[in-house]
Amino acid sequence: MNFRIRKAVKEDAKQIAVVHVDSWRTTYKGIVADEYLESLTYESKEKMWVSIDPETVFVAENQDGQIAGFAGFGPERTKEYGFDGELYAIYLLKEVQGAGIGRRLVEATANELLRKNYQSMLLWVMDENPSKGFYERFLPERIAEDVYTIDGTDHQETAFGWRDLSKLAAALKRKEGSL
């Protein structure tokens, strides 16, 4: 499976929305209420993604131009933990998980944040997310815990962080082909 990682463009919003909705439905099935997952629509996510600066999103596309994953990033939103960058979201279609695409998206994100003079990166992950171990492979610092409410149900989440983004980028590059 050969995927190209590139910056998003506005025209990608429709495909990003499909990945967003479909990955939520597969990743969080049995974790988040079925009614909530069924209420997610491609149209509402497309509207959201059209309004986001594509310079803050990387996509993974196959040789046919179909997007199978994306990562969104930017400045750390809370300013509470001493990190300047944040990986806001990373989602992959179920059928491409485990093929190294997630690692490549995180690597592209880390390198882009470094290019923009960020020094560190934080991300939040729901504790029940089956992909939580993916992030733990890169030895993040455990920064904080919080509760995220979805459709009236509380879900525990953990903030992971890397204070030296250049070390994370180097580790991601070394792991190429292994994840």
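## The β6–β7 hairpin

In this predicted model, I150 has T153 of β7 as its bridge partner. These two residues flank a hairpin. The hairpin of β6 and β7 has two residues between the strands. There, D151 takes a positive phi near 55 degrees.

Strand β6 covers residues 141–150. Nine bridges join β6 to β7, and the two strands run antiparallel.

Strand β7 spans residues 153–162. How many of its ten residues are buried? Seven are, so β7 is largely enclosed by the rest of the structure. Buried here means under 20% relative accessible area.

β7 also pairs with strand β5, residues 121–126. Six bridges join β5 to β7, again in an antiparallel arrangement. Across this pair, L123 stands opposite F160 in β7.

## The whole sheet

Strands of a sheet pair through backbone hydrogen bonds, either parallel or antiparallel. Here, seven strands form an open sheet with mixed pairing. Their order is β1-β2-β3-β4-β5-β7-β6. Which strands lie at the edges? They are β1 (4–7) and β6, and each pairs on one side only. From one strand to the next, the twist averages 25 degrees.

Now look at β2 and β3. Strand β2 covers residues 57–61, and strand β3 covers residues 67–75. Five bridges join them, and they run antiparallel. V59 has F70 in β3 as its bridge partner.

## Helices across the strands

Helix α1 lies across β2, β3, β4 (85–92) and β6. Its direction is at about 95 degrees to β3.

Helix α4, residues 101–115, lies across β1, β2, β3, β4 and β5. α4 runs at about 155 degrees to β4.

## Where α1 meets α3

Helix α1 (residues 13–27) also meets helix α3 (residues 42–50). Their axes come within 8 Å and cross at roughly 125 degrees. How are the two helices oriented, then? α1 and α3 are therefore oblique to each other. The crossing of α1 past α3 is right-handed.

Which residues of α1 make the contact? They are A13, K14, I16, A17, V18, H20, V21, D22 and R25. From α3 come Y42, K45, E46, M48, W49 and V50. By class, the contact has nine nonpolar, one polar and five charged residues.

Definitions and conventions. Residues numbered from 1 in each chain as written. Predicted model: local features only at pLDDT ≥ 70, side-chain atom pairs only at ≥ 80, totals over all residues. Heavy atoms only, no water. Buried < 20%, exposed > 50% of the residue type's maximum accessible area, 1.4 Å probe, protein only. Helix = DSSP H or I, 4+ residues; strand = E, 2+ residues; numbered from the N terminus. Pairing = 2+ DSSP bridges. Axes fitted to C-alpha atoms, helices over the stretch in contact; angles between N-to-C directions. Parallel < 35°, antiparallel > 145°, perpendicular 65-115°, else oblique. Left-handed = near helix turned anticlockwise from the far one by under 90°. Contact = heavy atoms within 4.5 Å. Nonpolar A, V, L, I, M, F, W, Y, C, P; charged D, E, K, R; others polar.
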